[in-house]
Amino acid sequence: MGMLAKIRRMYIREKLSIREIARRTNLSRNTVRQWLKSPEMGEPKYPERRVVSVVDPYSDQLRSWLETDSHRPKRDRRTAKIMFEAIKAQGYVGSYVRACVRVRKLRQELGDAPYRSAFVPLTFGHGEAFQFDWSCEYAWIGGLRRRLEVSHCKLACSRAFWLVAYPAQSHEMLFDAHTRSFEAFGGIPRRGIYDNMKTAVDRVQRGKARVVNARFLAMCGHYLFEPDFCNVASGWEKGIVEKNVQDRRRQVWAELRDQRWNSLSDLNAALSERCQQSWDTMAHPEWPAMTVADVLQDERVHLMPMPRAFDGYVAQPVRVSATSLIHFQRNRYSVPTSHAHRVVSLHIYPDQLVVVADDEEIARHSRCFDRHQTFYDWQHYIALIVQKPGALRNGAPFLTMPPALQLLQRHLLKHPGGDRIMAQVLSSIPLHGLDTVLVAVECALESGRPSGEHVMNILGRLKESVIDQDIITTPMVLNEEPVANVARYERLRVITPEANDVA
């Protein structure tokens with residue numbers, strides 16, 4: 001509009017020629033002549049310029065993906081990089097930048113552009129603080145797609161991070177995540193920054209006041225760091241780990257969530273390897289010439305050395321049933337029958353369950369996160385089977401015995417009183433040990449006609465051989481041999497006068 005007004009002034013008021021106006025404005029004479037033909041002062045209208053981009057054939061596909069992702073949770077939405085890889089597999093030959101610009105434009109058209117706020121940048125010294133958070137991810141484990149809770153622990157200075165996947169967010173998982181992270185970092189910072197997660201904060205009070213969980217405080221006291229909690233709904237106060245959750249979801253879980261894993265330990269091993277590889281390849285955001293591993297090496301000097309690992313269990317009282325089973329999370333685990341109908345203490349670890357009675361461990365089982373499962377230790381029922389040998393025939397716990405014992409049981413139960421003889425063989429396990437009894441049973445089975453007396457006879461011979469091996473055959477040698485002095489015995493025959501007077 002300004003150029004049009006200038007041209008009209010020069011032509012109408014200053015009486016300049018079209019040639020002179022074109023010379024002064026660097027416009028062509030045809031353009032000046034066309035603008036002067038317009039009877040009214042109006043903005044010139046030009047046809048929309050059509051620019052053909054290499055992304056245009058894939059624009060509908062990108063729009064379809066964005067519309068589909070708008071109905072998904074944010075953690076499951078595809079990023080621009082994932083979409084770029086997808087259209088590249090379909091034949092796209094352009095650059096990543098062009099695809100990213102088109103995705104951003106389509107998001108704005110769909111009204112799905114992220115809300116952007118302003119924040120104050122933070123800086124931390126070596127060994128000053130770490131930030132901790134959880135994220136919810138999914139992975140294929142044991143042929144099933146399972147929901148996992150992944151712990152993210154990140155040093156605020158060196159930006160080294162450590163990821164561990166767990167089935168749930170509970171106290172024992174929280175304690176184990178800290179232990180593994182501190183061991184990977186090689187030390188412990190002075191302060192830990194958290195949100196108000198329920199495993200750490202029992203109650204949020206006014207301002208920064210918090211009622212902190214007692215077990216969480218015990219862990220902080222063991223590792224000697226100060227917990228610091230963010231304000232409510234203020235995740236930007238620990239933005240380093242929040243950004244880490246987003247980045248690892250895009251970089252790590254985009255690949256791992258579609259792979260198949262035999263167990264959770266295999267997945268955690270892969271996560272550990274990916275974390276260490278990232279330390280060696282990622283440039284530090286504040287010192288681009290150094291990698292995260294280089295800065296971590298400098299920060300380890302300022303970290304407190306790792307003490308003995310915190311015994312991070314959660315104690316829970318449970319009652320032993322009449323069948324010598326305890327119930328935990330809809331599963332059943334066996335304990336020795338001598339503790340039936342008693343209340344015992346269950347120590348819950350991330351992968352183990354330890355049963356304690358009278359300050360002594362009486363049972364230990366691998367923890368199962370499925371439902372409606374029963375786990376027996378057949379040795380827990382040996383003391384009871386001596387009193388009730390008839391239960392051997394259909395006893396569920398004894399289906400887990402070693403194959404040699406099960407074969408001996410089938411041989412003995414063919415004869416009358418075989419269950420009582422099998423109970424006698426089992427009762428010898430606490431006395432002689434399982435390995436010794438298995439050797440005796442295998443020797444009896446090799447004879448072709450096993451019996452209880454045969455097994456006990458072999459046990460007796462094995463015990464005698466063990467005793468013979470323990471005899472010390474080395475002769476004893478004295479450093480100072482005594483001198484033979486028989487004259488001292490003659491003193492006993494001497495009778496003193498005082499002895500005669502007494503007599």
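Author: What follows takes the pocket, then the nonpolar cores.

This is a predicted model, in which local features need pLDDT of at least 70 and side-chain atom pairs count only at pLDDT 80 or more, while totals for chains, interfaces and linings use all residues. Residues are numbered from 1 along each chain as its sequence is written, and side-chain values use heavy atoms, with hydrogens and water left out.

A pocket here is an open set of points on a 1 Å grid over the protein atoms alone, where a 1.4 Å probe fits and where protein lies on both sides within 12 Å along at least five of seven lines; lining residues have an atom within 4 Å of a point. The second largest pocket holds about 590 Å³ of space, a volume being the space filled by probe spheres set on the points, which are joined across faces, edges and corners. Its lining has 24 residues, and those nearest the centre are Pro167, Ser263, Leu264, Ser265 and Phe369.

Helices (H or I, at least four residues) and strands (E, at least two) are DSSP runs numbered from the N terminus. Strands β2 (144–155) and β3 (161–166) and helices α7 (171–185) and α11 (264–281) each supply at least two residues of the pocket lining, with the largest share, 4 residues, coming from α11. By class the lining has 11 nonpolar, 6 polar and 7 charged residues, where Ala, Val, Leu, Ile, Met, Phe, Trp, Tyr, Cys and Pro count as nonpolar, Asp, Glu, Lys and Arg as charged, and the others, Gly among them, as polar.

The largest core has 46 residues, and Phe132, Phe225, Trp253, Leu267 and Trp279 have the most contacts inside it; its largest share, 7 residues, comes from α7. Not counting residues up to four places away in sequence, Trp253 touches Glu137, Tyr138, Ala139, Leu148, Val150, Leu163, Arg248, Leu267 and Leu271, a contact meaning heavy atoms within 4.5 Å.

Notes:
Core = buried A, V, L, I, M, F, W, Y, C linked by side-chain atoms within 4.5 Å. Buried < 20%, exposed > 50% of the residue type's maximum accessible area, 1.4 Å probe, protein only.
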